[in-house]
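Dear colleague,

I am passing on the structure that we spoke about, together with some notes on it. Please look at it first and then read on.

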Amino acid sequence: MDTAFISEYAPLYIEAAGVTLWLGSLGILLALAVGLFCSFIQYFRIPVLRYIASAYIELSRNTPLLVQLFFLYFGLPKLGISLSSEVCAVVGLSFLGGGYMAEAFRSGFQAVEKGQMEAGLSLGLSSGQIMRYIVFPQALSVSVPALCANVVFLLKETSVFSAVALADLMYVAKDLIGLYYKTEEALFMLVAAYLIILLPVSVLAAALERRLRYAGFGN
Amino acid sequence: MQDLGIRVLFMGNNFLRLLLGLWITIKISLAAAGLSLVFGTFLGMVMTLENSVVRAVSRVYLEFIRIMPQLVLLFLVYFGLTKAFGVNLSGQASAVLVFTLWGTAEMGDLVRGALVSIPRHQYETGTALGLGPLQIYWYVIIPQAVQRLLPLAINLTTRMIKTTSLVVLIGVVEVMKAAQQIIEANRYTVPDAALWIYGAIFFLYFFVCWPISLLAARLERAQ
Amino acid sequence: MDFEEVLLEVRHLHKDYGNGPVLEDVSFQVHKGEVIVIIGPSGCGKSTLLRCINGLEEIVSGGIWLDGEAVGKDKAKWREVRQKVGMVFQNYDLFPHMTVIDNILLGPVKVQKREKKKAEEEAEKLLERVGLLDKKKAYPRQLSGGQKQRVAIVQALIMKPELMLFDEVTAALDPEMVREVLDVMLELAKGGSTMLIVTHEMQFARAVADRIIFLDEGRIAETGLPEAFFDQPKTERACRFLDTFLF
């Protein structure tokens, strides 16, 4: 392997990793917000909105990110809505992730026993207080593993950003392969970059999950 | 103009071309899903063995495959194999290989999970009844494991179909490629074709994956 | 004992879930300081009755008056009512993600907006009374069933309720833990609390009750002083029910 080539082009990867991380985190944060919002709508069974929310969840979970991005990037401009690559990437990732996050939160809410709400009611707590102090904290602790898995999943999904002309890791790798035919080096750096990004996140997620599963409150 | 736009879908054999493109995607997914089922079941059973070397090797394989974005794996096989070993795989063959490697890892983990989730006393009860180890597997463990596994395996198939959309990025001519060709061909007659074509593909994927997801959800609830 | 002031009045209460009545024409009064034990076979509507009084179930017709004020129709009023009525459930529904002290303080601090420090002092006193001061910082899952129920009682008591409802609080407990919970309730009764208790512990019912209400198939079949009820039940149904507790 050509180490000189690697050290010469490593900065390109670092820059691209920055793009991946920055847009990825933004998309993931938005996905969390969208997912939480949808799961609240479903939990409180808000009329009309709950059907829109479940339609959205099904749509986002049953279509590939690549197709969503193509629609946003190539389709929408025909309606007069032109989004930059970056905006497309973030919107696409949060559209996709919102559905997955909503499902993760929903399973958490489902796991909270009905008796908990009644116990809260009988203390005179309002439904807002019950959500804030009783239901949500418990639901969250159940949801965390699924939420973490989604974070890793969405970070991986960012690899398709290159399809909408974004200079991410895949884009750089493909460029180097095309330009210099340095396939091994380009792929080596690609794998290394993704390992550096994803390994800590997934180790952290696994540790968090273990802690919640085997400890929980009071062990 | 919008009325004009939607017609692009039905002009000539455009819609058929999209469907044929989608069929290629589905064919790749089904081939990979079928192979993953076989190899994954084997991997899952191997992973329950006590042998620490086997466990370590399968663990490393599983973790590496699962942590890498599928697109990276596609690049590794499509570009990397060619260069490193001079093996020249077509895009489709690379895709089937990659998704099988990936599916085997995911399926293996599911199978392992299903096997270890069967409570210990099920084995003991079987033994107490005088069943041999193979009989216990056949009559007691496998039916229960399959029941737990089925919805998860079906979900994996929808994930595979969605992920297969990536193959356009390594040059396989499938639904997205067909779309690009149609849009290009109608560039002047139907300028907003992209909206309708990509919109149509969005819903095509949805109507393929959604029923499968519903089936999986129903099976899961039935347990 | 003489009870003068009526605290709770239930009149012609009717409740059903759509497949036949669960409660039918139930009327009774609870006086301040009185301890009433409701007994009856499973499915007779005992628990439903308590849940109606606390607004966890909607009533179909009839009415409930607390302190002379009608409750039950107006949903906004329930929060006020629930602060005056404490309830302890069968399945010790403590909040598993909070420590014992946080469980107890949730009501006084968040609902009654009391000063946290003072409420905490009071919580400690109550915990000491039920013998659980050392468990202040424990999480519910570190407690036994009996301990959880004693905490649940403190959780309700600290709201200074005018009426306490106990819904089969020992039914899900291991036998050796029943006593510690009943002792706490007995002590409360002696201290003059107004209590409405649903239980299957007949010895305890006899010891604690000022009055027994026997509920059968959604109706009050018999009511009377504990000695009279247990020694000479008037109705055939009550006789047969009490017989099931004898060997």
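Below are the conventions, followed by the findings.

This is a predicted model, in which local features need pLDDT of at least 70 and side-chain atom pairs count only at pLDDT 80 or more, while totals for chains, interfaces and linings use all residues. Residues are numbered from 1 along each chain as its sequence is written, chains are lettered from A and ligands numbered from 1 in the order in which they are written, and side-chain values use heavy atoms, with hydrogens and water left out.

To begin with the chains, two pairs are in contact, and of these chains A and B share the most contacts, where contact means heavy atoms within 4.5 Å. Chains B and C, by comparison, are joined by no contact, and their closest C-alpha atoms lie 24 Å apart.

When contacts in chain A between residues at least 6 apart in sequence are considered, 77% of them join residues at least 24 apart.

A:Val48 sits in the loop between α1 (3-43) and α2 (49-61) of chain A, and it counts as exposed because its relative accessibility is 57%. A:Asn150 belongs to helix α6 (residues 127-157) of chain A and counts as buried, because its relative accessibility is 10%; leaving aside neighbours within four places in sequence, A:Asn150 is in contact with A:Tyr100, A:Met101 and A:Ala104.

In chain C, C:Arg150 is found in helix α5 (residues 145-157), and C:Arg150 is buried, with a relative accessible area of 11%. Not counting residues up to four places away in sequence, C:Arg150 touches C:Val130, C:Gly131, C:Leu132, C:Glu180, C:Val181 and C:Val184.

With kind regards

Technical notes
Helices (H or I, at least four residues) and strands (E, at least two) are DSSP runs, numbered from the N terminus. Buried means under 20% relative accessible area, exposed over 50%, partly exposed in between (1.4 Å probe, protein chains only).
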